[in-house]
Amino acid sequence: MGKIWTLARRELAGTFFSPLAWVVGALFLCACAFKFCPPPAFWSGSRDAFILVPHQQASLRGLFEMMGVAMVVAAPLLTMRLVAEEVRSGTVETLVTAPITDAQIILGKFAGVMGFYMALLASTVVFLVLMLIFATPDAGVVIMGYLGMLLLGAAFLAAGLFASTLTRYQLLAAVIGIGVVSLLGIFPGRLAPHLPAPLNQVAANLNAQAYLRDFARGMFDSRGLIYFLSLTAGFLFLSVKMLESKRWR
Amino acid sequence: MAISNESRAPEMTLDRRLSMAAAVATLALAVGTMVTLAVLLVRADALAGSQQIIAVVWFAFMGAVGVTGAYLLAGRRTAAFFLMVVWLVIAASAVLAAFHWLLGGGVPLGLSVGWGIAVVLLAILVPAAIVAVLVAAVPDGTRSRYGSLVGVSVVSVVVVVAVVNMISFANPVQQDFEQLGRFGLSQRARDIVRQVEEPMTISTVYTAATSAASTDEARTAKADAEARLQRVNELLVEVHRANPRIEVADASGEAARALLMARLRERQQGRTGQHQALLDQLLAVVEELKQAVDAEQAAWKAIADDSFVAAQWDFGATVADTLAQAAGSLQQTDRVVRDQLAASPLPDYVALLDQMTRAIDTVRSVNDAVAQRLEQMAAIPPAARENAPAATDALARATRAVTEARTIVGKPDAPDPAGEPAEIIQRLTDAVGQAAVRMREAATELDNVAGDDPDVRSVLAASRAWRTDFRLTLPDRLSLIARQIEDLRARLAVMLQDANEAALKREVADIRQPLDEIVTLAQSTRSTAAESLQALQNVDAASKRLFASAEDGKPLGRLSALLTDRVNRLLDKTETLEAPTEEGKLPAELSQENIIVIEAGETIKVLSYEDVWPPYVAAAGGPDTEEDTRRFFNGDAALASALLDLTHDEPFARVLLAYTKIPTPPGVSPMQFNPPTGPIPPRALTELRQRLKEANFSVAEWNLAEPMPRADTGEDGAETDEAGPVGPDTDGEPATKDKPDLPTVLLVLPPAPQVMMRGAPPMGGLSDEQLGRVRQAIDDGASAIFLAQQLPPRRGPMGMPMPSRYGWNRYLEDDWGLSVEVDKWVIETVPGETLGQYRLGPTFYFLRMSGFGSGEVAERVGKPLRGRRLFWPYACPVTWDGESLPGGVQAEPLLEVPETDKHIWAVADAQGLSERFRQGRDEIAPDVDNGDLLPPITLAVAATRPGDADRAAARLMVLGIGGGMTDGVVSSPMMYMSDRGLRTLEPARANPELIVNGCYWLIGREQYILAGPLTVQPVAPISQDTQSALWIICVIGLPLVVLAAGGLVLTLRRRG
C-alpha cells in the first residue's frame, strides 16, 4: 500500500506539473460554466437548458450530466501520458525492474490521476456555492451527483489508463481512450433507440450516462455502482495485463 | 526472465500428444454438431425460419472449426490459437447464457429444461477442457504460453464483470435521495400503478418534430424534446419498477415506432375492418368512375350549340364543367387517400372512408342534379304548346289596346287631333288604363307558359328564349311596359285635374312621343315572345334522347349506370356501418407528436403532450398575458389518471348533475318554447363529465323536477353517461346501473334566474320541492358540490334591474351558514398610474389563480393544482360568518384572494364595469360604499357537518368559480382583446381537476387525489447585469484562474 501511495503522490505531482492537465482542467470548468450560467442578454435562444436561470427550478442535475459528457474527452486526455510517456521515454524499464508489482504500478498511477480528478471535481463546488446563493439545491441530488461523478470518473480514467498502456504515443493513446470511453458513454445511448431487441437492451445497459443520470437525479442505484466499479476493476486488470505483457513480449 | 525463442520453428513447440487430443476432440465435436444440424435442416418441420438461418451459419462455422481441427492434427501451431479463441468464446458465451437463465431469463436456444442443462454444461465444460489442453500443449516459459494464459484470464475477467452486472441487474437496490421525489413516482401514483393486475405496455413516442422556422429554433426544440423524452422515460422506468407487469418501451426510434404502429394497426383492423374493406372497394371503383366521368364530360361537351338544351341553357357546357370539377375533386381525394394509406403507419380508415364517400357523393349529386334539371326542361315544350295560344292572344290584345290608345293622339309626326284638349286627354286616360290592364294580363299569361311547377318556371326563366336582355324575362318586360303605361295614365290624370287648357294642349302634343315608344316596345315584345314560344316548342332529337335517358334515371349514361349499379350499394353500406367508438379517435390521437401509448389488453389509451407537459401559467396579476412557452412535467398525475381509468371497472361513486328545468307552459308548443337556462347547463359540461369518468366516477343527470335517480340495477330503465342524454332536454330515467351502496356526489348546477314577465307567471328560480329534494339527498348521506358564477342583474316586475340571487342560498344559508354573492364579480386589474387606482386589463373577466389555501382540505384538494393553468371567469365571492355556523358545520376556504392582492376585488356594479371597459375609461378603484368587497375574498369553500339522529354526516363544497368548469373554458381558447387585436390563451384544461379532486375528498378517497407537479423553490430573480457578470466570471474567469494557477505552479517548479 505504501508503494502505491508513493507512486500515487509522484503521479499526482507529475500531473500538476503537466501544462496539459491544467488546460484540460480549465476546459472542463469552462464547459461546466457554460452549462451552469445563462448566457448574457445578446443570446436569443432558449434559456431552459441552462441551470442558474431565474424562476426556473433549481437543480444541479444538468451540471452533472454535462460533466459526464465532458469526461468522455477529459479523462483520456488526463490519462494518456501515464504509461505511454513512460514507455516512450524508456523509464518503464526502470519501473518494471523496480521492486514493485505491475498491479501496484497501475494502481498507483490510477490513484494519482484520481487525485487530480477529485481536485478538478472539487473546483466545481464553486457552482454549488453560486446555486446556494441564488436558490436551495436539493442535497440528495448534490451528494448523489458527486458520487456518480466519482464513479463515472473512475471508470473513464481506468479506461483511459488502459488506452495509455496500449501504445507509446500519447496522442494515439488519447484517441484510443476517447474511442473506448465513447463506446461506454456516448454511442450506446445514441444507438439504443435504433437497434432491434435485444440489442437495444444491451446497448441501454452499457450506457454509462444513463447510470450517471440516475445518480444525478438523486437516485442511488446499485446497478450503476456495480457497473462503474466493475468497469474500473476490469480496465485496471486489463492495464495490469498490458503492462505485464511488456515483460515477456 | 526466461523467455525462449520460438519464432524459428513454431510447429515444433507444441506438445504433440496434447495438441492431437485437442484436435481430435475438436474434429469430433465439429462433425457431431454438423451432422446434428444437417439432420435438423433436412427435417422441414424441425426449425422455424430464423432458426434455419442460424443453423446454416452455425453449420458453416463448425465446418471452419473442423477444418482448423484438421490443420491442428497436421501439426499447425496457428490452428491451436484460433481454436483456443473459438472455444474460449463459446465457453464464455455458455457461462453468460447459464447466468442469464439462472437470473430469470429463458432457457437458452428455446430448449426444454433438461436439454438446456445438458447443452449448457456441455458448452461450458467441453470447450473449457479443450482450451485447458491447448494451453497445456504450449511449452512453459514461452511467449505463447504467456499470451494464452493472459487471453484466458482476460476472457475470464470479462465474463466475471458481465456476470456481476447481470446479477446486480437482476437484484437492484435503489434509494431515492432526492428530497422532493421530483423524479420518481408519487406515493399515490405508485398505489395506482401497483393495482394494475393485467399485463400492460406503455410506450413513449417522442419524435421531436418541430415546425420551427430557423435552424437554431429547431435545434432548441429538438433538445427540449429529447430532455422531455428522457424525463418521461425515467418516469416509465419507475412505473416498471413499481409494477413489473407494466412493460415500458421507448418507441421514439424509427424501428421501435414502426413495430408499435404495426401492433396497433393489427388491433385497429379488428375495430375498423369493415371501414377498411369498404374503402378498398370504393378505391377499386373510383378508377372506373373517373373514366366514366371523363367520357361523359367529353360527350356533354360535344352537344351541338343549336340543340334545344344547349341553345336555351348552354346545358352541355355547364354539365361538362360540373363533371370536370367533380372529377378533379374525385381525383384529388383518391390521391390523398392512397397517399395516406401508403404513408401513414396507422391510417384513419373511418376518416378516409368519410372523405372518399363525400367525393363520390359529389359525383352522385351531379348525376341527380342533371337528371332533375333535364326532367324540368323536358316539361317545358309540352307546357309551351298547351299555353302558347292563350299567351299569344293576350299579347295581341295588349298590343292592340296600346295601339288604339295611340290613335287618339296620333303618331309624333301626325297633325294635332281635333277636339278639346281636355276631352282628348280624358279619352286617352281611359284608353291607356285599358292597355295597362291588358298588358298585365299578357304578362300573367306568359308567366304561366311553363305551368304551375315553380321549379319548371324557374328553369324557363333561365332559358335564352325567355330572357330578352340581361336582366329581364319576357313576363318581366311586359310588366315593365304595363308599369310605364300606368305611369303615363297617372300623369294624364294629374293634368286633367290641375292643368289649364293651354297646358293640356301642350300635353296632347308632348304625350305622343312616349306613347309611341311604348307601342313600339309592345310590338317588338310581342314578336319576340312569339319567336320564343315557337323556340320552346321545337325540341331536337338529341335533346329528346337526353330527356328520355333522364326519365330512365340514367342522364349520364354509363356513369349513371355505374352509380346506380355499384356505387350506390357501396355508399348505402357506409351508412349502415357502426359509428366509430371512442377508440375511433385513435389514429388522430396517434398522429400527434410526443405521445405516450398505453396498451392494456384490447384497450389503447393515448396521453397527449398537453397531458404530460402542460404549459405554465403566468402568475396572477402579471402585467403580460403573452403565452409562456415553458412547460412543466405532469406525467405522474397524467399517467396515474390514465391507469386508474383503464383498471377500475367499478366506479368509486356516482356523480349526479342536479339541474332545474323549466317545464313548458300549458298551451305553448314545446318547439316554440325557449326557456331561460341556468348559467351552467349540463350540456356545457362535456369535458368535466369525461374527466370524472376517467377518474372512475359514473356520471348521470338528475332533473330536480323528478325524484333522485336510484342507484340500483333496476329494470325500469337505466341511464348513465355512456348511453344517457347529455343535455337537459332529455329527462333522466329513474335509476342508474350503479350499485345501491355506491356513494353519491351531487354536482348542483345553478338554477335559471327567476324572470318576471308582465302578464305571465315568473319563470326560473328554484321551487321548494326542488330545494327539498337536494336537502333530503344530502341529509341521507350524499355529498355535494355547488357551482355558482357571477350573474348579471335580473329584470324586476317593471323591467327594472335587480341584483341577481343564487337560488341555492336559501339552503346553504339555512343548513350550512354559507352564502354565494352572485351579484358581485371578482375582477383582476393592473395597477394604474395613480396610486390606489387600477386599470382593467384585457383579461379582467377571468382570474388566473391556483394558489389554494393551506387548510387541511385545501392542502389535499388544491395542492396538486398549484401552479397549474387555471382560469376562473365570472368568479363570485362565497361568504360566511365563521363564528355562527349552524349545527357543528366547519368551513374552510379552498381558494381565496389574499388580502395583499389589492388589485383584485369584487365589484357590485358589474354592469357599470362592463360599460366602463367598453368606453375605455382608464382608472378605477374599489367602491366599498357601493357594495364592493375587498380582499381577502373567498372563492371556494369546503365544509363538513357531523351527523346526528336525523341526518347523516356530510361534506360539501361551494365554488363561486363554477363558470370555469364549462367546455368553453376547459376546451376552448380564452379570447381577449389586446392592443394587437384579438388574442387567445390556451384553454384551462386543469380546471376540472378541482372537481375531480373534490369528489375524491367528498367520498373519502383522498388517496386517489393525484400529486400533480411538485412545486420546487425556483432560482431567485437575478438582474440582467448580475447574470452577465456571473457568465463572465464563470465561463471566462474560472478557466483563466485555473490556467493562471497552472502557470504559477510550472513557473515555481522551474525556479525551484
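How many residues of chain B are in contact with residues of chain A? In this predicted model, 57 residues of chain B touch 60 residues of chain A, where contact requires C-beta atoms, placed from the backbone, to lie within 7 Å. Residues are numbered from 1 along each chain as its sequence is written, and chains are lettered from A, with ligands numbered from 1, in the order in which they are written. Because the model is predicted, local features need pLDDT of at least 70 and side-chain atom pairs count only at pLDDT 80 or more, whereas totals for chains, interfaces and linings use all residues.

Helices (H or I, at least four residues) and strands (E, at least two) are DSSP runs, numbered from the N terminus. Helix H5 (143–170), strand E1 (174–176), helix H7 (215–242), helix H8 (254–301) and helix H29 (1024–1055) of chain B each contribute at least two residues to the side that touches chain A. H29(B) gives the largest share, 15 residues. By class, this side of chain B holds 34 nonpolar, 14 polar and nine charged residues. Here Ala, Val, Leu, Ile, Met, Phe, Trp, Tyr, Cys and Pro count as nonpolar, Asp, Glu, Lys and Arg as charged, and the others, Gly among them, as polar.

Strand pairing also links the two chains. Two strands pair if DSSP finds at least two bridges between them. Strand E1 of chain A (residues 219–221) and E1(B) pair in the antiparallel sense over three bridges. Asp221(A) has Gln174(B) as its bridge partner in E1(B).

Chain B contains 29 helices and 28 strands. Of its 1056 residues, 39% are buried. A residue is buried if 20 or more other C-beta atoms lie within 10 Å of its own, exposed if 12 or fewer, and partly exposed in between, with C-beta atoms placed from the backbone. Among contacts in chain B with a separation of 6 or more, 75% involve residues 24 or more positions apart.

Helix H28 (residues 991–1002) of chain B is a buried element. Twelve of its twelve residues are buried, so H28(B) is largely enclosed by the rest of the structure. Among them are Glu993(B), Tyr1000(B) and Trp1001(B). Gly1004(B) follows H28(B) and has a positive phi, near 75 degrees.

An open sheet of four strands in chain B has the order E23-E17-E18-E24, with antiparallel pairing. Strand E23 (904–907) and strand E24 (923–924) stand at the edges, each with a single partner strand, so one side of each lacks a neighbour in the sheet. Strand E18 (residues 838–840) of chain B is joined to E24(B) by two bridges. Tyr838(B) has Ile924(B) as its bridge partner in E24(B). In the loop between E24 and strand E25 (937–945) of chain B lies Pro936(B). A cis peptide bond joins Pro935(B) to Pro936(B), with omega about 5 degrees.

Two non-glycine residues of chain B with positive phi lie in loops. Asp314(B) has phi near 55 degrees and sits between helix H9 (308–313) and helix H10 (315–343). Asp314(B) is partly exposed, with 16 other C-beta atoms within 10 Å. Tyr874(B) has phi near 50 degrees and lies between strand E20 (871–873) and strand E21 (878–880). Tyr874(B) counts as buried, with 24 C-beta neighbours inside 10 Å.

Methods. Two residues are in contact if their C-beta atoms, placed from the backbone, lie within 7 Å.
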